[in-house]
Structure formats: structure tokens, C-alpha cells
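Hello,

Here is the structure I promised to hand over. Please open it first, then read my notes below.

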Amino acid sequence: MPALPPPVECAWDRLRPDPAGMVLGSVFFVLALTPSLIPRDILFQGVACGLCAATGYLVGVWLSWNWRTWVSTVVRVLWETSGQRLPSWVPRWRRRVEVALSVTVVLGLNVILLRAVHWQQQVAALTDSRAYTPAQYLTVFPVGFGIWMALVMVGRGFLRLETWLRRHLPQRLPLPVRSGFSWIMVLVLVFALVNQAIPGVIIRGAESAFSVRNSADPPSTPRPTAAERSGSPNSLVGWETLGAYGKRFVGRGLSAQGLEEVTSRPASEPIRVYAGLESAGSDEARAALVVEELKRTGAATRSAIMIAPTTGTGWVDPVAALSLEVLYDGDTAIAAAQYSYLPSGVQFIADTDKARASGKALVTAVVSWWKTLPEAGRPRLLLYGESMGVLAGEAAFSNLADVLDSVDGVLWVGPPNSSRLWRDLVTRRDPGTREVDPTYSAGLTIRFAQDEADMNAFAGDSTWGDQRILYIQHASDPVVWWSPRLIRKNPDWLLERPGKDRSPTMRWMPYITFFQVSADLPRAMNVPAGHGHRYGAEILDGLALVGHNSSFTAERVAQARQELERALATQPADD
């Protein structure tokens, strides 16, 4: 092997990547390219590759350290005790081999990237998404490799900090004691940064940014004039207190006239009541205000009332709201309340207890009022939740029996893996059924659906009782399947036959699968409806099922889907 130029040798001696770390890091980089739940764009594929490669590099460094500490030291001592010294060419050739190895890793990764394109094309086909060309996919390398090297530099910084601390501790202490203390201090610092400081900075920044957005008036959203809307001149809730997403909820949608134009049937003026963070000072006060709004608007006389705990910023899915109103021709009331300025993803990191506390207050207050109405003529009470809204809604109940004692129907869409009730039901599913589409207690009360076809199979099923709970969960939804347990445990949904839109070639790998699904989370909504965390018109099918109305025939639901599409076309685009 020819000699290396002096500048290359100098730079290499300063950088000196660990050979075992480079090999294992490259293996982990390649494994991160294997299929996961949804197609990843260049950025998030690079992030997944960089995180996985850094993890592999860490494992390689640990193995190298053990080799140097135990095996290499023993070999060197034995060699020197025999009266011989290592030849002078050994360090020089080791450097050349290490450089050659690193160059091979870089070139090899780019070659494998070209071959990995077909994995992403397979996932894209399953989720009706756009696939990248081989040339586009090559840009994953600089992103992933850059993140990998940046994390290596951060790790070396902590190693240097440990060395500095060890040297500055009292020298009278034995070396093992100084090493132990220095490592403890470094680990405490890392733990504080990862668990407190960094999330704290992100959350404070997000709160500052989104609190400003919360007070802004959304475009194409005038203050409602109908008495059936919160924020109207007749309302107990001030328009300016509703927040941006509360204003969207009550200021948009269709009036009775708009529904009639879409459906060609007579319609009632839909009731939409809402309390924003600034409408009252506590969860309980906001829930009480919502109940007063239900009373004021005459919700007790409607065919159905739907409680809709919001997600993060106070968003109520317009698809869910319009689906209910199209199905019932506006003879409905929807109740919601805001609990945070933050988007669901940030709120999930910050504090899920806030969502649970708000949901418990809202559901408990509405159910308590509803139960005071004459049982024979009161509206059908439905509970709807999506993503964080599932966590908020289930918090009002101690167990399944409590749910059934409180509401007539429940539709929970895209439940987070941390949902306590969902996890309990899936864990105790009937033997022989899969985690991705479980059966619980023969489906007498609770059903799980992956898509419209599953729900069509439930329609007209006389074994499903009057009180109904339905979960809709896509096999490709990372919100449903992401869990810290993926780091060390192979979940049932990856051991079993894959769901309808999950790649059959996806395999569980320690740490790697966790990083892959984590990188899928920010992209969960960037897929066509019916995949990932986008449920679209499937929500209408679900509401028709839990509404359990004899008029909701297959033909009526199919017609309602077309009416929903026309209704959504009248709404302003979300900014």
C-alpha cells in the first residue's frame, strides 16, 4: 500500500475514527434503509440513518475499548516480556488500513443506497405515495453521514470532559474512584440535557411561538352570527378568547343552508360549542362553560351530541365535524375545549397529563349534564377522539365498564401506543387474533378496523350491541405503533402477518426499528388519506357505525361520503 500524503496522515491522526465503530456504524446505517411504516423523505431518512449509524459506532467503540483493555494489552505485554518489540511499520500500516477501511465504508454506503431505493419504492406503493429516484436518494448520504459524524464529535466532547474531570479531581483519590466520579458526573449531565434542558428549550420556544399564533385571527374565518355557535353575539364565550383553532371550528363548517345545498335535504343549524384557553381559568371552568353553551343552544333537543376532545393546539378535525353533520343533516351538537397552545407532537413530549386532565373535565361535565336529561328522549351521546384526543377522552373513565355506563358510542382514531385503555384491550385480545386487527370479547362491544373494507364488514352485523366502541388504526400509522419498547422488544405486530398497508419485508431490529419509526412520526400526515395518520372519510364510516342509526344503510353512507367531499370542498384551505 503506498504511503499516505503527510497532510492526510496528520488529519487522520487528529480524527482517528474507531475501525470497529466505522464497520458497525456502516452496518447500522444500511439497516436503517430497510422498510418501515411509511415512505421517508430525504431529510428524515438521513436522520434515521445518522442516529442508527451513531448507535452502531458507539457499540463498535465499546467493543474496541474492551479489546484494547483486555486482549491487546495482554498480547503486548506477552510480546514485550519475550524480549521483542513491535515492528516500527505496524502503526504506519494500521493507519493506512484504517484510511482504506473508511474510504471503503463511504463508497460502499453510496452503492447500497442505490440498491435500497426499491425498499422505499415498495413502501411508497403500499401507501399510494410518491417514490424517489435513485439519483434523488443518493442525497440521503450527506445528511445521514453528517449527522453520524456530528454525533461522534459530541460523544468525543463528553469523553474529553470525563478526562478533564478525572484529572482535576483530588489526586489523592485512587484512580478507579476518580474515574467512577467523573463518569457519574458526565452521565448526570447527559441525562439532564436529554430529559430536561433540551426538551425544555424546545417546549419553551414552541410555547412562545404558538401562543402568538393562538391569538391570531385565521383567514377566511369571520365571527359566527348564528346563535348555535360559540363566539357569536349570543354566546357566553367571547370570540377573542377562542384561540386560532377554536375560531376555525366555530367560524367554519356549514350552516343549515350550506348543508341543504350539499345534500339536497332539509337541515338544521348545526351546534358547535367551544371554550378556549383564555375563555376560563381552569379545565373545570372551561368544561362548565361548554355545558352552559350546550344548554343555551338547545343541544338537548338534537339527535346526537358529540364530545370531541381536541388535539394539541385545540384543533378539531373538520372531517369529523362535517361527517357528523352530514350524516345527521345538522341535527347535532359538537362540544370541544382547548388545553394547550402546542401541537400534538410537542405536547406529547411536554406533558400528556395536561391532555388527560382537560379531557377528563370536559367528558365528565358533559356526561353529568346529559344524564340529567329524560332518558327516553335524550340525544345519542358520542365520544370522538383522534391522536392526543384519544388520551384526553379515555382519561374520564376508570375502566371499560365506566365507558359503557357513560356514553352510547365511541370512535377513537389513530390511538397513540401509550393509550392505556387501547393497550389493555389489545393485550387481552381474543387468542389467535392479531395486534393490528384484534378481536376483543368476540366483538360484542368493541371493534377494531384497519380501513373502510373492515367497517363495511361490520355494517349490519346484529352481534354488535347498541353501545359501540370502534378503533380505527392503520397498519402504517406510526402514531399507533411507536413506543420506547421498540428499542429492546420485538412487538407482536411485527411478529405477526403484516397489516394491509405495511411492508411484509419490515423486520424488528434492536434500536434501529425504534429510530426508523421515530423518523416516521413527523411524516405520519404526509401520505394520502387511508394511510399513515390520515384517516379522511373513514371517520364518516366510523361515526355511522357507532351512531347505530337504522337510517345509516350502506347506500346512505356511500352517499354521505360524496356529500362530505362536496362539503370539504367549500371550506377554506388550512394555513
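Start at Gly 253. This glycine follows helix H8, and its phi is positive, near 85 degrees. A word on the source before going on: this is a predicted model.

Helix H8 spans residues 243-251 and is mostly covered, with eight of its nine residues buried. The buried ones are Gly 243, Ala 244, Tyr 245, Gly 246, Lys 247, Arg 248, Phe 249 and Val 250. Note that Lys 247 and Arg 248 are on that list.

Now the chain as a whole. It has 22 helices and seven strands. There are 575 residues, and 50% of them count as buried. Take the contacts with a separation of 6 or more: 75% of these are between residues 24 or more positions apart.

Two residues other than glycine have a positive phi as well. Ser 220 has a phi near 55 degrees. You will find Ser 220 in the loop between helix H7 (175-214) and H8. Ser 220 is exposed, with a relative accessible area of 56%. For Ala 442, phi is near 60 degrees. Ala 442 sits in the loop between helix H16 (420-427) and strand E6. Ala 442 counts as exposed because its relative accessible area is 54%, and the cut-off for exposed is over 50%.

Which strand does E6 pair with? It is E7, residues 468-472: four bridges join the two, and they run parallel. Two pairs to look at:

- Phe 448 has Tyr 471 of E7 as its bridge partner.
- Ala 449 stands opposite Ile 472 in E7.

E7 also pairs with strand E5, residues 409-413. Five bridges join E5 and E7, and these strands too run parallel. Within this pairing, Leu 411 is partnered by Leu 470 of E7.

E7 itself is mostly covered: five of its five residues are buried. On one side are Arg 468, Leu 470 and Ile 472. On the other are Ile 469 and Tyr 471. Both faces of E7 are covered.

One more point on this region. E6, helix H17 and E7 make a right-handed β-α-β unit.

The lining has 19 residues. Those nearest the centre are Ala 459, Gly 460, Leu 545, Phe 552 and Val 557. By type, the lining has nine nonpolar, six polar and four charged residues.

Two single residues are worth a look.

Ser 323 lies in helix H11, residues 318-327. Is Ser 323 buried or exposed? Ser 323 is buried, because its relative accessible area is 0% and the cut-off for buried is under 20%. What does Ser 323 touch, leaving out residues up to four places away in sequence? The answer is Leu 540, Leu 543 and Leu 564.

His 531 is found in the loop between helix H20 (512-520) and H21. His 531 is buried too, with a relative accessible area of 9%. Its contacts, leaving aside neighbours within four places in sequence, are Leu 126, Thr 127, Asp 128, His 474, Ser 476 and Asp 501. Also compare His 531 with Ser 129. These two are 402 residues apart in sequence. In space they are 9.4 Å apart, C-alpha to C-alpha.

Look at E7, with both faces covered. Then see the second largest pocket, with its 19 lining residues. End with His 531, in its loop between H20 and H21.

Best wishes

Key:
Residues are numbered from 1 along each chain as its sequence is written. This is a predicted model: local features need pLDDT of at least 70, side-chain atom pairs count only at pLDDT 80 or more; totals for chains, interfaces and linings use all residues. Side-chain values use heavy atoms; hydrogens and water are left out. On a 1 Å grid over the protein atoms alone, a cavity is a set of points where a 1.4 Å probe fits but cannot get out, and a pocket is an open set with protein on both sides within 12 Å along at least five of seven lines; lining residues have an atom within 4 Å of a point. Ala, Val, Leu, Ile, Met, Phe, Trp, Tyr, Cys and Pro count as nonpolar, Asp, Glu, Lys and Arg as charged, and the others, Gly among them, as polar. Two strands pair if DSSP finds at least two bridges between them. A crossover is right-handed if, with the strands pointing away from the viewer, the path from the first strand over the helix to the second runs clockwise. Buried means under 20% relative accessible area, exposed over 50%, partly exposed in between (1.4 Å probe, protein chains only). Contact means heavy atoms within 4.5 Å.
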